Amino acid sequence: MRFRPAVAYVLRAMPATSPDLAALLKRTFGYSTFRPLQRDIIDATLAGKDVFALLPTGGGKSLCFQLPALARPGLTVVVSPLIALMKDQVDQLQASGVAATFLNSTLGEKEARARLSGLHRGHYKLLYAAPERLMLDGWVENLKTWNVTCIAIDEAHCVSEWGHDFRPEYRQLAKLRTALPGIPMMALTATATGRVRTDIIKHLKLHNPQTFVASFNRPNLTYRVIPKDQPAKQIIDFVRKREHESGIIYCASRATAERVAESLAGRGFSARPYHAGLTATERGENQEQFLRDDTRIICATIAFGMGINKPNVRWVIHHDLPKNIEGYYQETGRAGRDGLPGDCLLLFSGGDIAKQTHFLDEITNQQEQDIARAQLRQIVHYAESAGCRRVELLAYFGEKFPVNNCAACDNCSEPRETYDGTLVAQKFLSCVFRIRQNSRFGVGLNHVIEVLVGADTEKITRWGHQQLSTYGIGKDLPRPAWASVGRELMRLGYIGIDEGEYATLNVSESGMAVLRARTPITLTKTLDLPKAKRVTRREGDVECDEILFERLRALRRKLADERSVPAYIIFGDTTLRAMARSYPDRVERMEGIPGMGEKKRAEFGEFFANEIFLFLQTNSKQAFD
């Protein structure tokens, strides 16, 4: 059977008093406490204020507009960029007994009319729609008659051209402020620098918004970067240790996504591709297979995943270098949304930098190209850095991590070796200085390296750089090693970059100081292939009876298949692990299990209690700390 339409089980609006909100949270969603900032954001929007909220992926953004929608009369309109996200969230809300719906191009005319009729009759508390639909003729009039009491704009970073996923149609949402001036607006995102936050507030015309910025730290995620070396083998070795877990492999191109999926499938792994080259039907089927755990691995371009609310993704691999840190942060953030551990692996090579640079050269808009170049330098800096990955990520978003060792990234668990780089640094700095002194103009990183290794190129001959004293003084090192030295000197601030049509290098003031004084400089050795490492308990681990957990997963799968919904719509892994830890063999003993609201306990509690009861007939309980 399928879930009953949400209209049949409507939660009555309640006054927004403190105990009522807590009770509403517990009864509907099965949680006893709010996550950081959720309560403050909810209170602000219920007070009728505009809100800007930045919460990390998995930080509970959706609840910030879902709970207020139940606590006040009228309709909350949620602007969402992806069709899959709308259906996913509406399915989960309906499973919890919330009257929610969506309108998009996937609906037939009859179904769309039925939902519009329901909206006119006030049957729904939440409506999900794409920004383009809200701009259609006649829609403002609809919104005015539907008693809209809040407009929530999800993935709000799409408003800003400085964000990693700018969408021009999001800019039009400012028209809603003019059309519905008295209705509070809420803008929510998981990734935004200070500049992007300012842009969002400006372009959405938020009125003196209450601003809430949570920590960007995802303590349950582990970050690793390794040199790309036979990537197919590296991925297979990684996945083989996690055969029963769901994961995403991000690839830079459609061809790579296809090739990786075929390679994995050919070795017996459950993997499918996802990219814009597939038909809409193929993409939909592959995504649905992944959401329902029929497919464990999705090999995707960045077209996949924004807002996909699959909580039990346990790992994310980047086969290729991402374009920017914001995209990387959001993509890795799709692991461990349920708070359980997630592994994030980036395969890195100098060749990826060259590919990305080639693509940037084809951007005709100079401002866009400059932004993209700066973003590429930042992600390369992150990949090559010897410092704590978590410190680097948080610093990008303007947040300071309180310690220098997070114990959950490769650089903290296995610090990289350093060496006396004074001589190579002097050679590099001298070469940059001599080129500019001789030619009265700067050059890019690649040309500096060509001079150092004594290359015979047309530009070197044309500019007379073979006459420089630094020509050929770096023949003892290969080009990739010099590129690594140059990028580290940039990170250390000894080399600067002149922005413009061509990104050229210059020796900074601090670089000139160490060049003149021959100050000792310590550099970091390049990334090595990882050594075998011992497994330690990770942040977010929930100890439980693993055999019972697998039985509960099988039951969840059966119930989900009967209802044609993803397994996590029934319960998330966190809920199953809590049951596999406390062994509630009767429904009345399930009080306090996280993620189990009243409706879900009434609908599914008996199934799981019976399974636990049967398990205990032949198995003893384990004790956990």
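Mentor: What follows covers a sheet, a helix beside it and several charged side chains.

Trainee: What should I know before reading numbers off it?

Mentor: This is a predicted model, where local features need pLDDT of at least 70 and side-chain atom pairs count only at pLDDT 80 or more, while totals for chains, interfaces and linings use all residues. Residues are numbered from 1 along each chain as its sequence is written, and side-chain values use heavy atoms, with hydrogens and water left out.

Trainee: What order do the six strands of the open sheet take?

Mentor: The order is 8-13-12-9-11-10, with parallel pairing. Two strands pair if DSSP finds at least two bridges between them. Helices (H or I, at least four residues) and strands (E, at least two) are DSSP runs numbered from the N terminus.

Trainee: Which strands are at the edges?

Mentor: Strand 8 (221-227) and strand 10 (271-274), each pairing on one side only. On average, neighbouring strands of this sheet are turned by 15 degrees against each other, direction ignored.

Trainee: And how many bridges join strand 12 and strand 13?

Mentor: Four, in the parallel sense, between residues 313-318 and residues 342-348. Valine 316 stands opposite cysteine 344 of strand 13.

Trainee: What does helix 14 lie across?

Mentor: Helix 14 (residues 325-332) lies across strand 8, strand 9, strand 12 and strand 13, at about 150 degrees to strand 12. Axes are lines fitted to C-alpha atoms, for helices over the stretch in contact, and angles run from 0 to 180 degrees between N-to-C directions.

Trainee: Moving on to helix 17. Which of its residues are buried?

Mentor: In helix 17 (residues 389-396) they are Arg389, Arg390, Leu393, Leu394 and Tyr396. Buried means under 20% relative accessible area, exposed over 50%, and partly exposed in between (1.4 Å probe, protein chains only).

Trainee: What do those buried residues pack against?

Mentor: Strand 8, helix 14, helix 16 (366-384) and helix 18 (410-413). Contact here means heavy atoms within 4.5 Å. Just after helix 17, glycine 398 takes a positive phi of about 80 degrees.

Trainee: Arginine 389 forms a salt bridge with which residue?

Mentor: Aspartate 410, with the closest N and O atoms 2.9 Å apart. Arginine 389 lies in helix 17 and aspartate 410 in helix 18, so the pair ties together parts that are 21 residues apart in sequence. Both arginine 389 and aspartate 410 are buried. A salt bridge is a side-chain nitrogen of Lys or Arg within 4 Å of a carboxyl oxygen of Asp or Glu.

Trainee: How many salt bridges does that rule give?

Mentor: The count comes to 36. One of them joins lysine 427 and aspartate 476 at 3.9 Å, N to O. Lysine 427 counts as buried at 17% relative accessibility, and aspartate 476 counts as exposed at 55%.

Trainee: What about arginine 197, which has no salt bridge: buried or exposed?

Mentor: Buried, and the nearest side chain of opposite charge, glutamate 399, is 7.3 Å away. Lys and Arg count as positive and Asp and Glu as negative, with His and the chain ends not counted.

Trainee: Where is arginine 197, then?

Mentor: In helix 10 (residues 194-203). Leaving aside its neighbours within four places in sequence, arginine 197 is in contact with Phe52, Leu54, Ala192, Val213, Phe216 and Phe397.
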